[in-house]
Amino acid sequence: MSPRTRLWLVAVGGAGVAALLVAACLGLPAFGGDHHPYGDRAVEASLAHRTANTIASVNFDQRAFDTLGELTILFAAVLGCVALLRQTRDEHRARPEPAEVAPPVRRYALLVLPVALLTGLYVIAHGQLSPGGGFQGGVAAATALHLLYLGADYRALERVRPVGLYEVGDGVAVCAYLVTGIAALLGGAAFLANTLLPHGTFNTLSSGGTVPLLNAAVGMEVACAVVVLLARFLDQAVEIEEESGT
Amino acid sequence: MHHLLPLLVAVPLLGAALLAAAGRRVPRAAAESAGCAVSAATAALAVVLLLGSSPPQAEWVGGWVPVGGESVGIVLVGDGPGLGMAALASALTLAALVYSWHYFDEPPRGHSGSFPALLLLFQAGMCGFAIAGDLFNAFVWFELMSVVAYALTGHRVEEARAVQGALTFGVVNSLGAYAMLMGIGLLYARTGELGMTRIGQELDAHGPPDALVLAGFVLVLTGLLVKGAAVPFHFWLPDAHAVAPTPVCMLLSGVMVELGAFGVWRVHDTVFSGPGGLPAADVERALVALGVLTAVVGAVMCWYQRHIKRLLAYSTVAHMGLFLTGIGTLTPEADDGVALYILGHAGVKAALFACTGILLDRYGSVDEHALYGRARRLRGVAVLFVAGGLGLAGLPPFGTALGKSVTEEAVGGPLTVLYVLASAVTAGAVLRVAARVFPGLGPRPEEGDVYETTGSGEEPETRQRLSRVPDTMTAIPAVLLAGSLAVGVVPGFGGAVGHAVQEAGTGGLVHVSVHWTAPGVLLGLASTALALALAAVAVSRPRLLAAPDRALPLRRLQSGHVGDYVAWLLVGTTLLGALALPGILGS
């Protein structure tokens, strides 16, 4: 198809979709209304299970089954990347050369690393109480490790990051989420029901029943997943080279 | 019993997570056997739940049973069609795992568990989508199934085409998913609900449909129709099938694409069929128009392929058109017919892909012309391939024939001709391939257009070219064909499927008796005869039915350019909206 024809098709199709979306948006409820049927019910359900952060309650209690799906999408994406970014027959590995890092960058990275790691772990641990949780905290913790790549070099990163171990951690975290769900089923309740642990005292670390458990599993999964994912891409960029002459 | 519904997702996920975690330690044979065992256990669970699915069951995950009719939780629906699709997906995953057992290309070093784990994740996604009763939850599993399918399609990264095919697949399907998510957002904004039944009730309470309902309908259906490969959303499918490993093709064509049609049926039935949804006449116009277009384009393109996997992929497109047309007529009889047709088609199509995989691994080619007369010695495979072709045509007593005849009776009139022609042309193309490749009938085909995708010079998917075909690789297509036959032959099976579909669709109010009829059998025989005649003419007088220049513009549309496909996706969404537009103007 010539670029001109393509442009015409995009113009016609895009105009149609735009008209549809504009017309639909005119039918949306007005901004700032007080009719929130789901929100009202979710807050009530969250308080009933003594979870201070309603969003965590929605994610890890009321709609924990959706989160299981999202968790496995990330897991599948990582597994898919590991399979696709493998070292193929026509590629070989080369040891990366140590790189010079400017001293201010090095100082900054090594200073921030523990802070960032701690922040990540804090965000995971307090998911049931305050904004954040496993997804956000996991990304922060995994990113922290990669400050080593910026501050020192690739070999230093490889020493603190045995990828195989993180791959195992990724799978184990998904198992932990599933086992928590199945344990509720074995206990006579529904799958992923929040019945295993006492709901605790509102607004304390140990409140919310299984919410902190599922939260921690997600945090571990996300942290491992991001580490493995970045490792695979760094591998491609830094270590794996095409055979010369092919 | 209904408490066990979530296990259809949890069991394969647990299997996949364990395989991924332990994949570095365990030998390949152990990883693959474990994959087969988990997949088989899930299939058994699906069948057990299916047998207990009358009356349909519902399960609130996490125990969030509705209070006063309202719930914050997620509902799973354990009815006949949903569990039937879950059982079909599980059975085909098991078939794909057994087919690839031990012989499939060596896995990445130290990751012997990754291929079976990906297949198990695929199975979990398909099962989750099939039993979802919550629109957002359906989207989540829909996405899982997409993500895994992209990775599996591009599995043979050594070939640039595989990466290109997987990338196209990923881009087009992700756009479809965004459209679907936007549609879900609109419907949620209006109703404050995510459960499909509850959205439908709230839409009905709100009054007659307006632009927002139309947009919700169009956007959600765009996502499902991209997955269901309806024209003009279908371009990704042949490109992906041409490059995906054979076991993955079996799953994509056998059940994943059909889940798109299933989703259309489920969403329309529970969300948009009430007075607050879209009027039946408009939905019918939109779906039947797209269905007919899909069947025609799929059948024509199928005939002109020489790359066998592409040919089979277009035959899937053509059959998706037939399924959509059936669902689009919105009659209970057609729903029964389509359900049976999907079951019969899954066995036949997966078997044909399995046979093609054997050709690829034995001769390093899937080109009809290059393989001319080369597979003379594979007599068993030849028999299976021809049986698959006849099943595709709808030869009684294959399940395809029963499903097709019930659907034809329901749609009636000129659409019957479409069913006969589309199945005859696609089956004719398959039989033409069989006649040339196995006994080498007719004159040697000429070398055609240099720009054509030929399918010769492909890498086999096994470690080296097979010198003898392993038993598992021939047993799987045989079992799949036997399954497709069983759908038509086992007494009472058609009736049971019809009963299950009606219980889910009309609440059991309509009772349709599903059985073989004389006109149905005759039409099945007619399309088989037509397919054989087409194949005979094509083989003996190749010039008579060769691609005319008129067909060239249609073939050029399949350009492989992602931008083209995205443009068509936008046009398709607009077309869908335009077709359903009268429904909101009149009210």
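Colleague: Which residue just after helix 18 of chain B takes a positive phi?

Modeller: Please bear in mind throughout that this is a predicted model. Helix 18 of chain B covers residues 493-505. Just after this helix, a positive phi of about 70 degrees is taken by B:Gly507.

Colleague: What span does helix 18 of chain B reach from its first C-alpha to its last?

Modeller: The helix has 13 residues, and at 1.5 Å a residue the expected span is 18 Å. The modelled helix is close to that expectation, reaching 18 Å.

Colleague: Which helices do the buried residues of helix 18 of chain B pack against?

Modeller: A residue is called buried here if 20 or more other C-beta atoms lie within 10 Å of its own. In helix 18 of chain B, the buried residues include B:Val497, B:Ala500, B:Val501 and B:Glu503. The packing partners of the buried residues, all in chain B, are helix 3 (80-100), helix 10 (246-272), helix 13 (332-363) and helix 15 (399-411).

Colleague: Why is strand 2 of chain B described as largely enclosed by the rest of the structure?

Modeller: On one side of strand 2 of chain B lie B:Ile74, B:Leu76 and B:Gly78, on the other B:Val75 and B:Val77, and all are buried. In a regular strand, side chains alternate between the two faces of the sheet. Strand 2 of chain B is largely enclosed because its buried residues number 5 of the 5.

Colleague: Which residue of strand 2 of chain B is the bridge partner of B:Gln57?

Modeller: Strand 1 of chain B, residues 57-61, runs antiparallel to strand 2 of chain B, and 5 bridges join them. For B:Gln57, the bridge partner in strand 2 of chain B is B:Gly78.

Colleague: Which element gives the largest share of the side of chain B that touches chain A?

Modeller: The contact involves 62 residues of chain B and 62 residues of chain A. Among the elements of chain B that give two or more residues to this side are helix 1 (7-22), strand 1, helix 5 (135-153) and helix 6 (160-191). By class, the chain B side has 37 nonpolar, 17 polar and 8 charged residues. The largest share, 10 residues, comes from helix 5 of chain B.

Colleague: Which helix gives the most to the side of domain 1 of chain B that touches domain 2 of chain B?

Modeller: The domain assignment places domain 1 of chain B at 1-131 and domain 2 of chain B at 153-277 + 549-587, and 24 Å separate their centres. Their contact takes 16 residues from domain 1 of chain B and 10 residues from domain 2 of chain B. At least two residues of the domain 1 side come from each of helix 3 and helix 4 of chain B. With 10 residues, the most is given by helix 3 of chain B.

Colleague: What radius of gyration does chain A have?

Modeller: Chain A has 10 helices and 2 strands, and its C-alpha trace spans about 65 × 55 × 40 Å along the principal axes. Buried residues make up 40% of its 246 residues. A compact globule of 246 residues would have a radius of gyration near 18 Å, whereas the value for chain A is 23 Å.

Technical notes. Residues numbered from 1 in each chain as written. Chains lettered and ligands numbered in written order. Predicted model: local features only at pLDDT ≥ 70, side-chain atom pairs only at ≥ 80, totals over all residues. Buried ≥ 20, exposed ≤ 12 C-beta atoms within 10 Å, placed from the backbone. Helix = DSSP H or I, 4+ residues; strand = E, 2+ residues; numbered from the N terminus. Pairing = 2+ DSSP bridges. Contact = placed C-beta atoms within 7 Å. Nonpolar A, V, L, I, M, F, W, Y, C, P; charged D, E, K, R; others polar. Expected span 1.5 Å × (residues − 1). Domains from an automatic or database assignment. Rg over C-alpha atoms; globule rule 2.2 N^0.38 Å.
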